[in-house]
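Please examine the sequence and the structure shown below before reading the report.

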Amino acid sequence: MGTGDTGLAAIAGCPQGRATVLAARLVSSVQAVMASTAGFIISRSCRRHVIDDQHWLAAAYPPFAVPYFVYDVYAMYLCHLQRAQVKGHGPGTGTGGTGGAAAAFLRRELLLVLHHLAMVLVCFPVATLWRQGKGDFFLGCLLMAELSTPFVCLGKVLILLRRQHTALHKLNGLALLVTFLGCRVLLFPYLYWAYGRQRGLELLRVPAALPPVYNAAAAAMAAPQIYWFGLICRGAWRLFRPAGTPPRPP
């Protein structure tokens with residue numbers, strides 16, 4: 001991202017470190033829009049039979065998306081380096097060099113790095129090899145989870161630009177709360193409901209009708225989303241709490 005950062009810095013008139021963050025957030029937002037759009041098209045086209053219906057994008061998009069997750073880990077690391085250098089803790093400042101910076105990055109972003117690794121090493125093989133053309137509807141719904149990502153990116157950009165006290169930041173926080181809840185947390189009960197409707201099962205009977213590995217996979221995917229949603233709720237409380245209200249205990 002080196003030469004690209006310099007170009008963006010020249011266009012935006014901002015320091016290279018800030019341009020690095022802006023470029024990373026822009027790429028993440030563009031990928032999220034493409035993924036959620038593809039997911040909407042797939043799920044809408046396959047809703048008549050959620051197990052057997054197929055759409056060509058379900059086979060085409062996962063190989064396209066995998067390089068992004070590899071890139072995004074690198075982009076997050078570059079952003080971490082920029083923050084560390086601003087604080088005087090980057091490589092070459094006598095605080096452990098590149099190895100120390102990488103270790104600090106993993107401590108800070110471990111869950112997100114593990115999420116990206118799982119997307120590449122687990123979800124991609126499942127989506128392209130193991131499914132054998134089944135469940136395109138569910139894959140489309142999972143892709144639509146990216147709908148919340150542009151709001152995450154915009155929030156971080158507004159904080160970077162010191163616009164965290166503006167009405168735009170509050171509106172973005174509300175949009176993030178709603179989209180994350182709908183597209184990442186409530187997504188999993190909806191997938192169970194859609195499968196149950198196809199099979200003629202009540203929602204509460206669906207887990208028992210599925211192989212245990214399916215339920216374990218759903219729980220593994222849902223757990224970090226619930227954790228992140230909790231963090232978003234804490235941030236929303238700080239953002240919208242009435243003036244003079246004491247902060248909630250951590």
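The model is predicted: local features need pLDDT of at least 70, side-chain atom pairs count only at pLDDT 80 or more, and totals for chains, interfaces and linings use all residues. Residues are numbered from 1 along each chain as its sequence is written, and side-chain values use heavy atoms, with hydrogens and water left out.

Helices are DSSP runs (H or I, at least four residues), numbered from the N terminus. Helix α7 (residues 167-185) packs against helix α8 (residues 187-199) at an angle of about 40°, and their axes are 5 Å apart. Here, axes are lines fitted to C-alpha atoms over the stretch in contact, and angles run from 0 to 180 degrees between N-to-C directions. The angle makes α7 oblique to α8; oblique covers the angles left when those under 35 degrees (roughly parallel), over 145 (roughly antiparallel) and 65 to 115 (roughly perpendicular) are set aside. In this pair, G182, C183, R184 and V185 of α7 meet L187, F188 and P189 of α8, where contact means heavy atoms within 4.5 Å.

The table compares two residues that count as buried (under 20% relative accessible area, with a 1.4 Å probe and protein chains only).

| Residue | Relative accessibility |
|---|---|
| H55 | 18% |
| A19 | 0% |

H55 lies in the loop between α2 (16-45) and α3 (56-86). Not counting residues up to four places away in sequence, H55 touches I41, I42, S45, C46 and D136.

A19 belongs to helix α2. Although A19 and C79 are 60 residues apart in sequence, their C-alpha atoms are 9.7 Å apart in space.

Terms used:
Helices (H or I, at least four residues) and strands (E, at least two) are DSSP runs, numbered from the N terminus. Buried means under 20% relative accessible area, exposed over 50%, partly exposed in between (1.4 Å probe, protein chains only).
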